[in-house]
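Have the structure open as you read.

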Amino acid sequence: MSVITIERKVLEKNDELARQNRSLLDRHGIFAINVVSSPGAGKTSLLERTLEHLAGRLAVAVIEGDVQTDFDAQRIARYNVPAVQIVTAGGCHLEANLVHDALGNFDLSKIRLLIIENVGNLVCPSNYDLGEAMKVVVASTTEGDDKPLKYPGMFRNSSVLIINKIDLLPYVNCSIETLRANALRINPSLIVYETSCTTGAGIPAWCDWLVERTTAGKT
Amino acid sequence: MHELSIAQSIVDIVLQHLPKEEGVTVRSVRLRLGAMAGVVPDSLEFCFGAITEGTPLEGALLEIDTDIEPTLFVCSACGGTSLTVLSGREMQVRDIEVEENEGVR
């Protein structure tokens with residue numbers, strides 16, 4: 001019996017591909033966000049409102065991750081933006097190699113903002129760097145205000161929190177102050193936006209921030 | 001269930017380190033999991049067992065060195081939560097124990 005020392009990171013292959021994605025995106029001056037949430041928090045609706053609002057302001061492309069079906073990609077197709085669907089066929093998260101392949105379908109010289117909609121899951125996507133500039137976590141009021149404490153990993157690794165479905169606050173047992181406070185306890189540097197995709201509340205502020213971040217430091 | 005793809009990554013790495021000659025079996029794989037790695041050890045062991053069938057790692061013991069994640073990290077001096085993560089997210093294959101089967105050498 002002999003011992004062989006290995007000392008290698010389990011996700012080194014993913015991390016290396018994520019680095020390649022990041023440098024490819026940087027080279028083209030593309031700002032990329034990785035949008036994560038539990039299923040049904042409203043990622044796709046938020047994306048639709050965002051695309052509506054950014055139409056004519058910013059060249060956006062979308063990568064849609066889904067376990068099954070291309071329903072979300074069909075919803076996005078209406079907005080006339082380049083979109084690629086990744087069906088993970090059971091996989092609970094996107095990995096850097098899938099995004100790497102998807103990027104090959106775009107004319108990167110024509111894109112300023114890339115929105116990657118991850119698979120609905122608050123655990124698994126947190127381990128997989130895709131090469132994005134930052135993660136945006138969406139938490140909806142219907143999920144309750146304790147979500148950040150139950151899934152600290154995702155809130156810790158995200159830069160922006162979008163509290164969605166604020167129009168439903170009168171009907172659900174959720175305090176937006178508690179939700180916000182819980183998230184900031186996990187990660188005090190989170191930037192927080194409150195939105196409703198039904199009424200459109202908060203969408204302009206979120207989109208203005210996106211435009212500002214995308215064009216920051218560029219002419 | 002990202003434990004399945006993590007188990008696959010572990011197997012891929014181990015296979016790259018096996019001696020070239022045939023008849024080598026892996027007895028154990030030692031893995032370091034940080035407190036915030038976000039991996040369930042039981043699930044990972046289950047997936048590792050399933051995925052190693054028919055490979056030189058079949059029957060190998062997955063030794064996971066880990067500690068459990070506290071919900072919230074708070075500075076013991078000031079109570080602040082504005083912390084920088086220095087370690088705890090690591091997920092690393094440390095070493096493996098291998099055995100050369102009789103009659104092959």
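**A glycine and an interface**

A:Gly202 counts as partly exposed because its relative accessibility is 24% (buried is under 20%, exposed over 50%, partly exposed in between; 1.4 Å probe, protein chains only). Bear in mind that this is a predicted model, where local features need pLDDT of at least 70, side-chain atom pairs count only at pLDDT 80 or more, and totals for chains, interfaces and linings use all residues. Residues are numbered from 1 along each chain as its sequence is written, chains are lettered from A in the order in which they are written, and side-chain values use heavy atoms, with hydrogens and water left out.

**Around the glycine**
- A:Gly202 sits in the loop between β8 (191-194) and α8 (203-215) of chain A (DSSP runs numbered from the N terminus: helices are H or I, at least four residues; strands are E, at least two).
- Leaving aside residues up to four places away in sequence, A:Gly202 touches A:Glu194 and A:Thr195 (contact: heavy atoms within 4.5 Å).

**Where the chains meet**
- On chain A, 29 residues are in contact with 35 residues of chain B.
- There's 1 salt bridge between chain A and chain B (a side-chain nitrogen of Lys or Arg within 4 Å of a carboxyl oxygen of Asp or Glu).
- That salt bridge links A:Glu7 with B:Arg94, with the closest N and O atoms 2.8 Å apart.

**Strand to strand**
- β1(A) and strand β3 (residues 91-100) of chain B run antiparallel, joined by 6 bridges (strands pair if DSSP finds at least two bridges between them).
- Opposite A:Ile4 you'll find B:Ile96 in β3(B).
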